[in-house]
Structures are given as C-alpha cells and as structure tokens.
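Let's take a walk through a protein model together, from its overall layout down to single side chains. Have your viewer open and follow along.

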Amino acid sequence: MQPLGNIRVIDAATLFAGPMAATYLGDFGADVIKVEHPRRGDPSRGHGQAKDGVGLWWKLLSRNKRVTAVDFSVPEGQEVALRLLADADVLIENFRPGTLERWNLSPERLWEVNPRLVIARVTGFGQKGPMAHRPGFGTLAEAMSGFAAVTGEPDGPPTLPPLALADGIAALAVAYGVMVALHARERTGRGQVVDLAIIEPILTVLGPQITAYHALGTVPRRTGNRSSSNAPRNTYRTRDGRWLAVSTSAQSIAERVVRLVGRPDLVEEPWFASGRTRAEHADELDAAVGGWIAERDADEVIAAFEEAQAAVAPIYDVRDIAEDPQYAALESIVHVPDEELGSVALQNVVFRLSDTPGEIRWAGPPKGAHSEEVLGGLGYGADDIARLREAGVVA
C-alpha cells in the first residue's frame, strides 16, 4: 500500500492551489474524489492548451483522481456532500468565505457527521480580514506579496510570472498543512480547519524582506537577473548564442568562478569576503565573468565550470527539458496511457521515497467518469443516480 492509501480526500476546489494540493496527496496513494459542478465542469478544463478539444492542464491537475460532479448549492446536492464527507478524511475547498455556511455545509455541520474531518479552506485572502470576501487569484498574491515589485529590470515595470506561481507555492503549503492536521488528529481524534490564504506562502518564500524592513527600513528594488545577496549571479550569453546561469551563493564557489575566468586578484579584495559586499561590485564581476563566457561556446564553458566545481546551468526551454539526461535519470517526466488522448506526458511526483514511492496511475479523466462508482459507493442506486442527473444535481 502507498503511504496515503488509507486517506480519502474530497477535492471540491478549483484554480489551482487547492486542486494541486489534492494532486500531491493522490500521487502518494490517497483516494482523491474530484467534485466538479455538474453543468459548468471545472474551469481548469478550459485553461491553457488543448488537444482534440481536451484540456491538457486538466490532465496534469486531476491525475490520480476519481471524478464526479455534484451541485452543492441545492439541498439534494448537500445531502450527497454529507454522504461523501461522512467517511472522508479531508475536504479541500476554495469557495469564498461564508459559502459553505450558506449551503448548510459549515465545518460545524460537517463535524456533526464526521468529527475526524480535516477541512482545508484555500482562498486568496483567508477567512477573516477586510479583503476576505473579495475574489482572489494567484496573480493578486504575486502582486501583493512583493514578488512583482522585485521582479524585472531596474528601469522596467513590476513583472508578473507567466505561470501560476503563487498557486503552485500555496499548493505545497496546503498539502503540508493537511498532513500536519492529519498527524494532529492521531493525537486528538478530531479534525480541524486548515485556513490558507494564497497571499501568505509566497510572502514567506520571498525571504527576509519583512524582517529587513522592520529592522533596517529597507525596501527591495528590482535587480533583473542579479541578486542583492551575492555576485556574480546573472545570465550570460556564450559565443554560440546560448544563455547560461551562474550562481555563487557559497563563498567558495565565488572564489572558484573568478579564478576560472582569470581574475584571482578579485579574491584578495576586502569586498569579496561576503555575498552582500560582492553584490555591491556586480558590474565589475559581471564584466569579468560575462566577458570570459562570451569568448567561448556553451559546452566549453559548462565543462570548465564542472572541472572547477563551480555552479552553472544552461537556460532551458521545454524542448531542452524533454531531452535532458539529468531529468531522464530522475524520471521527472512520465508517459501515462489515457483513454481520450492515447498517452500524455506529465511531470512525475515531486519527490522520491525510498520505500514507498508515489506513482501517477492515470491522467485527468473525462467529466463524471466515476460518478456511478462514487455515488454507488454512497448507497445511491441506478434509479437514484438517473433522477439526480435529470434534475441537474449530479453529472
């Protein structure tokens, strides 16, 4: 049995933090039941690229999930929800605060039928505060966390990422919070609410900006590909037109890099002794490193850095990732049989366990693919399911 094989998760969330958290749990064996709206379906089905009309983001986001569709806003749908949650371990939802309460599905009501239920409530701004009831997405978290303010060139505008970054970070935090709550349940016997605001995990990932502001009054500025914590740290173009990234977070690596590029004298400079003071001389360091790299082809540069035990990596696009031997060795990409598309390539589980590894068993299924199986397991007969379908309560 996989490590979470005894855990049942009801994923009633959308776009993207909550569902991805459920995906992480499903990757390690949790029985995840994805609940969509019976008429609208999950909006991620229509996000991003599609093949033959089938959304590819959905294939990734809903892997390893059994899917059904229930309208929680109507009384008969609420009865289905209570049956679903009566023997579940986790509910993940991202409705605006007060919505579950309006549907008579508040945590207190759910704990009446299942006191061991862990309820993860994933919203843009949390369950309290002046913005709690506003619609919230990862983009707003990227803006409000300080991320966009420090991203981009110094003379350019604040820059948002071209992907669901805040949601992705929040998903890991949600999965972590759920596992902490499940562990606590072993001691207390009771479930609890995991209240996660998407604006918070990315705020933490951004490092000590809050600490520095309160201690020193400093406000981070945009530095492009440079870092205010160390140098040389940038992207550099090689003679054959490829781009490489260099990092010198460790002092020993910084010393190896400047010796490699023919500037051992820099090591003797007083300012070279720390990452922060090296960052104050980024122009000089970039000129030394960038000039040396520009005179050589990428393969030569990478080989020289490897021999010197210095840190360098090529700037990849997805074509490079698909062909890279390191990703291949890690089995970071898997090809999964799929009833709609024949086969889909997906990122593998995010870490490896030596004794109980996770597994991608199937990609995101068609809408309602497991409704008979799921509803039948709750005691609904074929006639009941047909009636609920006819009424638009389930799909």
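A word on conventions comes before the tour. This is a predicted model, in which local features need pLDDT of at least 70 and side-chain atom pairs count only at pLDDT 80 or more, while totals for chains, interfaces and linings use all residues. Residues are numbered from 1 along each chain as its sequence is written, and side-chain values use heavy atoms, leaving out hydrogens and water.

Zoom out to begin. The C-alpha trace spans about 80 × 50 × 40 Å along its principal axes. The secondary structure comes to 18 helices and 13 strands, where helices (H or I, at least four residues) and strands (E, at least two) are DSSP runs numbered from the N terminus. Of the 395 residues, 46% count as buried; buried means under 20% relative accessible area, exposed over 50%, and partly exposed in between, with a 1.4 Å probe and protein chains only. Among contacts (heavy atoms within 4.5 Å) with a separation of 6 or more, 69% join residues 24 or more positions apart.

The domain assignment gives domain 1 (8-205 + 351-391) and domain 2 (233-314), with bounds that come from an automatic or database assignment. Their C-alpha centres lie 43 Å apart.

Now look inside. A nonpolar core here is a set of buried Ala, Val, Leu, Ile, Met, Phe, Trp, Tyr and Cys residues joined through side-chain atoms within 4.5 Å. The largest such core has 45 residues, of which Val 9, Leu 25, Val 90, Ile 92 and Ile 198 touch the most other members. Elements that each supply at least two residues of this core include α1 (17-27), β6 (90-93), β7 (118-123) and α8 (165-188). Helix α8 gives the most, with 9 residues. Apart from this core lies another, of 28 residues, among them Leu 84, Leu 91, Tyr 380 and Ile 385. Back at Ile 198, the contacts beyond four places in sequence include Ala 17, Val 122, Gly 138, Ala 141 and Ala 170.

Next comes a hairpin, formed by β12 and β13 with 3 residues between them. Strand β12 (residues 333-338) pairs with β13 in the antiparallel sense over 6 bridges; two strands pair if DSSP finds at least two bridges between them. One place to check is His 335, whose bridge partner in β13 is Ala 345.

Over to helix α13 (residues 282-294). Its 13 residues reach 17 Å from first C-alpha to last, close to the 18 Å expected, a span taken as 1.5 Å times one less than the number of residues. Buried residues in α13 include Leu 285, Val 289, Trp 292 and Ile 293. What covers the buried residues of α13 includes β9 (234-237), β10 (243-246), α11 (251-260), α12 (275-279) and α14 (298-307).

Finally, consider two single residues. Is Gln 78 buried or exposed? Gln 78, found in helix α3 (residues 75-86), is buried, with a relative accessible area of 13%. The Gln 78 side chain reaches the backbone oxygen of Phe 72 at 3.1 Å. Not counting residues up to four places away in sequence, Gln 78 also touches others, including Trp 103, Asn 104 and Leu 105. Val 205, in helix α9 (residues 199-205), is exposed, with a relative accessible area of 56%.

Technical notes: Polar contact = N/O pair within 3.5 Å; in protein donor to acceptor, adjacent residues only side chain to side chain.
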